Amino acid sequence: MPTKKKPQVTAAPARRGELLDTAAEVFAEQGYNATTVRKIADHAGMLAGSLYYHFDSKESMLEEILRTFLDELWSGYDTVLAAGEGPRETLEALVTESFREIDRHRAAVAIYQKESRQLVAQERFAFLAESQRRFEKAWLSTLERGVADGVFRADLDVRLTYRFVRDTVWVAASWYRPGGQHSPEEIARQYLSMVLDGIAVRQPDRPAPGEPPHTQGRPA
């Protein structure tokens with residue numbers, strides 16, 4: 001006779017969220033491959049077997065963690081892109097939304113940063129590659145529009161700028177802690193000030209980086 005499958009108990013939404021938060025922290029700290037279901041269960045204060053009543057594998061947990069993060073990220077990004085603002089305002093809003101997502105999903109961002117290159121090779125995580133393509137398109141088109149509109153410098157290397165902004169924003173997940181001294185909005189404001197305006201006071205006779213030195217003409 002065929003054996004009956006053991007019914008899988010669905011966690012209450014609050015408890016399910018707590019377990020996913022715990023798993024995300026363990027994945028981020030110890031690495032996905034080094035993390036076992038038992039380790040997650042230990043951190044959650046439960047038996048490993050009990051965790052299987054809520055999730056069928058650690059892969060399922062990781063997929064839900066990353067999908068939740070990316071779904072919220074794209075909800076915010078799509079709102080920004082649909083607003084029809086100028087390129088500078090769009091760039092500022094994308095950066096601000098990025099820091100907000102780090103605040104909401106710090107561990108998930110850290111996992112994404114560390115693991116996505118290996119995970120995209122698995123069919124289950126193919127959605128990561130699609131998100132990366134959308135992400136690149138959104139940022140590059142904003143930068144290109146800014147150059148075309150004369151808002152950003154004409155000599156700007158758009159792809160290099162995109163990589164710089166992308167990496168310097170998301171690396172914040174390695175040090176940012178929610179509830180700290182600065183809000184995500186304040187961090188975004190400081191970051192944008194440095195990227196768009198620089199950190200040095202420009203002297204009237206000092207050339208901008210990359211410009212040849214000014215030459216003073218001798219009096220006749």
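Biologist: What makes a contact a salt bridge?

Modeller: A salt bridge is a side-chain nitrogen of Lys or Arg within 4 Å of a carboxyl oxygen of Asp or Glu. The model here is predicted, and the structure holds 17 salt bridges.

Biologist: Why is the pair Glu18 and Arg15 called a salt bridge?

Modeller: The side chains of Glu18 and Arg15 meet with N to O at 3.2 Å. The cut-off is 4 Å, so the pair counts as a salt bridge.

Biologist: How do you know that Glu18 and Arg15 are separated by about one helical turn?

Modeller: Both sit in helix α1 (residues 13-30), three residues apart, which means a separation of about one helical turn.

Biologist: Why is Glu18 called partly exposed?

Modeller: Buried means under 20% relative accessible area and exposed means over 50%. Glu18 has 42%, so Glu18 falls in between and is partly exposed. Arg15, at 31%, is partly exposed for that reason too.

Biologist: What makes Arg16 and Glu64 a link between distant parts of the chain?

Modeller: Their side chains form a salt bridge at 2.7 Å, N to O. Arg16 lies in helix α1 and Glu64 in helix α4 (residues 58-82), 48 residues apart. Arg16 has a relative accessible area of 23% and Glu64 has 25%. Each value lies between 20% and 50%, so Arg16 and Glu64 are partly exposed.

Biologist: What makes Glu92 and Arg88 a salt bridge?

Modeller: Their closest N and O atoms are 3.1 Å apart, and the cut-off is 4 Å. Glu92 and Arg88 are four residues apart in helix α5 (residues 87-104), so about one helical turn separates them.

Biologist: Which residues are linked in a network of salt bridges?

Modeller: The network links Glu97, Arg100, Glu101, Arg104 and Glu185.

Biologist: Which residues meet where α7 contacts α8?

Modeller: Among them are Phe135, Trp139 and Leu143 in α7, and Val158, Tyr162 and Trp170 in α8. The residues of this contact divide into nine nonpolar, one polar and four charged.

Note on methods
Residues numbered from 1 in each chain as written. Predicted model: local features only at pLDDT ≥ 70, side-chain atom pairs only at ≥ 80, totals over all residues. Heavy atoms only, no water. Contact = heavy atoms within 4.5 Å. Helix = DSSP H or I, 4+ residues; strand = E, 2+ residues; numbered from the N terminus. Nonpolar A, V, L, I, M, F, W, Y, C, P; charged D, E, K, R; others polar. Buried < 20%, exposed > 50% of the residue type's maximum accessible area, 1.4 Å probe, protein only.
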